[in-house]
Amino acid sequence: MLLHTPEAVRSMRYRARTILEAEALPEDTVHDALLVISELTTNALRHALPPAYLRMSVPVADGCRMVRIEVTDSGLACRPHLSLGHKDPEEHGRGLEIVNALSTRCGSRAYRSRSVRWAELTAPLDSPAVQAASDPIAGIRPRLLLLPSWGV
């Protein structure tokens, strides 16, 4: 079991980059998606109960690709959030604004025992990976990445 640390977000970003680059997405789309992943996973680590999951897919729809990112956690923690090592309050509180600015669409869903924050980013359809897919469903390859558990 890994402790609740900033390294968990960095590790998730690294794993997500590998998957996004395998989709032959443009570098700026990969960069924006990684920033959204960082913000959503950091929120889950700071404000919610474990475990948390990251799910990504790159479906083709309406003439473009969408990078769909979902972070599911076990609901809001009923305790003060744990610090990830930042002391300056000016450095906090803008994560969802960043997600909103980079996303085509974003939102959240709350359930009794979990919550989901999601975002979609558009990507060009003209990459080799999408041109190789002959079936519209072939472009949808959901990926599930597990965020590391942490001790509380």
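The dialogue below goes through a predicted model and the terms used to describe it.

Mentor: This is a predicted model, in which local features need pLDDT of at least 70, side-chain atom pairs count only at pLDDT 80 or more, and totals for chains, interfaces and linings use all residues. Residues are numbered from 1 along each chain as its sequence is written, and side-chain values use heavy atoms, with hydrogens and water left out.

Trainee: What makes a stretch of the chain a helix or a strand?

Mentor: Both are DSSP runs, numbered from the N terminus: helices are H or I with at least four residues, strands are E with at least two. The protein has four helices and six strands. From the N terminus on, their order is α-α-β-β-β-α-β-β-α-β.

Trainee: How do you know that Ala77 is buried?

Mentor: Buried means under 20% relative accessible area, exposed means over 50%, and partly exposed is in between (1.4 Å probe, protein chains only). Ala77 has 19% relative accessibility, so Ala77 counts as buried. Its place is in the loop between strand E3 (64-73) and H3. In the protein, 39% of the 152 residues are buried.

Trainee: Why is Val60 called partly exposed?

Mentor: Its relative accessible area is 28%, so Val60 is partly exposed. Val60 lies in strand E2. Val60 and Thr122 are 62 residues apart in sequence, and their C-alpha atoms are 9.9 Å apart in space.

Trainee: What is said about phi at Ala24?

Mentor: Phi of Ala24 is near 60°, a positive value in a residue other than glycine. Ala24 sits in the loop between helix H1 (6-22) and H2. At 28% relative accessibility, Ala24 counts as partly exposed.

Trainee: Why does Asp62 count as exposed?

Mentor: Its relative accessibility is 80%, so Asp62 counts as exposed. Asp62 is in the loop between strand E2 (60-61) and E3. Asp62 is not a glycine either, yet its phi is positive, about 55°.

Trainee: Why are H2 and H3 called roughly antiparallel?

Mentor: Two packed helices are described by the angle between their axes and the distance between the axes. The axes of H2 (residues 27-47) and H3 (residues 95-102) come within 9 Å and cross at roughly 150°. Axes are lines fitted to C-alpha atoms, for helices over the stretch in contact, and angles run from 0 to 180 degrees between N-to-C directions. Angles under 35 degrees count as roughly parallel, over 145 as roughly antiparallel, 65 to 115 as roughly perpendicular and the rest as oblique. H2 and H3 are therefore roughly antiparallel to each other.

Trainee: What makes Arg114 a charge over the face of Tyr111?

Mentor: A charge sits over a ring if NZ of Lys or CZ of Arg is within 6 Å of the ring centre and within 35 degrees of the ring normal. Arg114 lies over the face of Tyr111, at 4.1 Å from the ring centre.

Trainee: Which residues does a cis peptide bond join?

Mentor: Pro50 and Pro51, with omega about -5°. Pro51 is in the loop between H2 and strand E1 (53-57).
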